[in-house]
Amino acid sequence: MVADTGSENGQRLPGLRLDELLEELQLRIDAMRGTRDRVHGLLEAVLAVGRELDLPQVLRRVVEAATVLVDAEYGALGVIGPDERLSAFLTVGVDAEQAAAIGPLPSGHGILGELIRHPEPLRLPDLAAHPASHGFPANHPPMRSFLGVPIRVRDEVFGNLYLTEKRGGQDFDAEDESVLATLAVAAGVAIENARLYEESRNRQRWLEANAEVVGSLLSGAEEREVLELLVAHARRILDADLGVLCVPAPEEEAGVRISVADGPGAAEARRAAGRGLAAAVGRAMAEGGPVVEADLDGGEGTAEGDGADGGGTGDGGGTGVAGLGPALAVPMRTGEHAWGALLLARARGRAKFGADETEPLLAFAGQAALAMELAERRRSAEQVALLEDRDRIARDLHDLAIQRLFATGMTLQSAVRFVAHPQAEERLLRAVDDLDETIRIIRSTIFGLRAHETGPGARGLRARLTRIVEETVPSLGFRPSLRMEGLVDTDVPGEVAEHAVPVLREALSNVARHARAGAVEVAVVVRDRALTLTVADNGVGLSDPGHHGGLRNLAERAERLGGALTVERRETGGTRLRWRVPLPVG
């Protein structure tokens, strides 16, 4: 019996050992299969990340691949800005509704800041146990296990990968860390390639935009159209929400004035101009260099609690400039002359402008300013040629036409005494008077042709009124039509002209501020020994002209000269202002 028992035990033991060996072998096979699958997954992730050239898509692919490779429920990729804070934060596992309930994205405190300060892999079994943890904000999902690794682009730490909550309640292990570190290396290469591609594409965009702007300026296009083109190109290339071009205000005003505004908030920017916007533009023009603002209104605030990070940037309740935050202003200068400044702004919460965006915009603005100066010099040369041609015409009129007309008049006058018929004599004398009037008109024309521009105060009334109409184009948003009749420069004395100039400026200013018009017609007529200045618009009209202080000033100017001001509603809509004063005889 004993021998039989021993024989049974002897047969059972080898069987047990064989089962254990087979089980251990199966475990090793499963481990090898798991390792093989993970290696395949890592290779596929590296290939998927490397195929992308668009930087936002690269970052999205990286964080999605990371969560799959280490079997994490939540993943994020934080991009480190120049201020050592998170400038962008992409998440996986948190939907839009959850993100809205949590509040502002983290900016780089707590555990997330730990990796920024110490860019080395960090693996934790429990987030809350780490000294740098600040806790979670309200509505944040619970997170325990944590794994973070830095992403390096060459020698620069671009950002960090953050993974939390390994599925199955397990902790992240050394193999997870190794896989994630390998993916981070591949991500760094992909990010560098995407950056180089983006730089090359943007460089091409800047070259094309500059060529179009310069070509338009030098081909004689309207300057306002070219400036609108310049702002639109800059806003599109740098993905800004608002583009504004400001010019120095006239001497009688202070600060700067918006000439062109492009983007969803353009209308509001024109009306308010915002203290932050004006300050940034003024600094850029004064300092002659770029000005970068984190928030146009300076109302940035913080809201504590951003998940594993424990702190975030909110909107702070600042008034803002049409909800705008980050801004970049660059001057448009050639030598000592400041043409203006170009400002781009993004919505609050979006990424700040970096050095890689500042330098191309500064060069673009400088090249545009140079093209504007060349176009101005070309216009000046054309103006000189025009004035020289006018001088030639004036000489010909004086030396040829007037002398011949004068000789004809003298001949007719000498022939009167030989005419016996009274009616014939009357007709001859009337013809002589007509010749005298013609000579006077030609002399007035010669005077106008020779009235060279030597400064705003020395120009004729016609040129001064034209300049005022041009100055109101930015505030109106369109170009008013201008019509002049009669001898404006010669028949209107200086005293009347000094009143007519501010009258037109005030009338057009009233239209810009109150009328909300889409068209304005200006007429300046010298006829019947009177100057009539009319400004008609198609806007909403004045509700009570009698209580408008600016109109009272215009009426008083007319009364001092013996004239009158009338303001009436047009039948087709809008308002017609007529300022009429008599002109002295002689």
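The model is predicted: local features need pLDDT of at least 70, side-chain atom pairs count only at pLDDT 80 or more, and totals for chains, interfaces and linings use all residues. Residues are numbered from 1 along each chain as its sequence is written, and side-chain values use heavy atoms, leaving out hydrogens and water.

**Salt bridges**
- The whole structure holds 16 salt bridges (a side-chain nitrogen of Lys or Arg within 4 Å of a carboxyl oxygen of Asp or Glu).
- E177 and R123 form a salt bridge at 3.0 Å, N to O; E177 is in helix α5 and R123 in strand β3, 54 residues apart.
- E177 has a relative accessibility of 22% and counts as partly exposed (buried is under 20% relative accessible area, exposed over 50%, partly exposed in between, with a 1.4 Å probe and protein chains only).
- Helices (H or I, at least four residues) and strands (E, at least two) are DSSP runs, numbered from the N terminus.
- R467 and E471 meet in a salt bridge of 3.4 Å, N to O; they are four residues apart in helix α11, so about one helical turn separates them.

**Helix pair**
- Helix α11 (residues 461-471) and helix α14 (residues 494-515) pack at about 15 degrees, with axes 10 Å apart. Axes are lines fitted to C-alpha atoms, for helices over the stretch in contact, and angles run from 0 to 180 degrees between N-to-C directions.
- α11 is therefore roughly parallel to α14 (angles under 35 degrees count as roughly parallel, over 145 as roughly antiparallel, 65 to 115 as roughly perpendicular and the rest as oblique).

**Buried loop residue**
- M143 is in the loop between β3 (122-124) and β4 (146-153) and is buried, at 15% relative accessible area.
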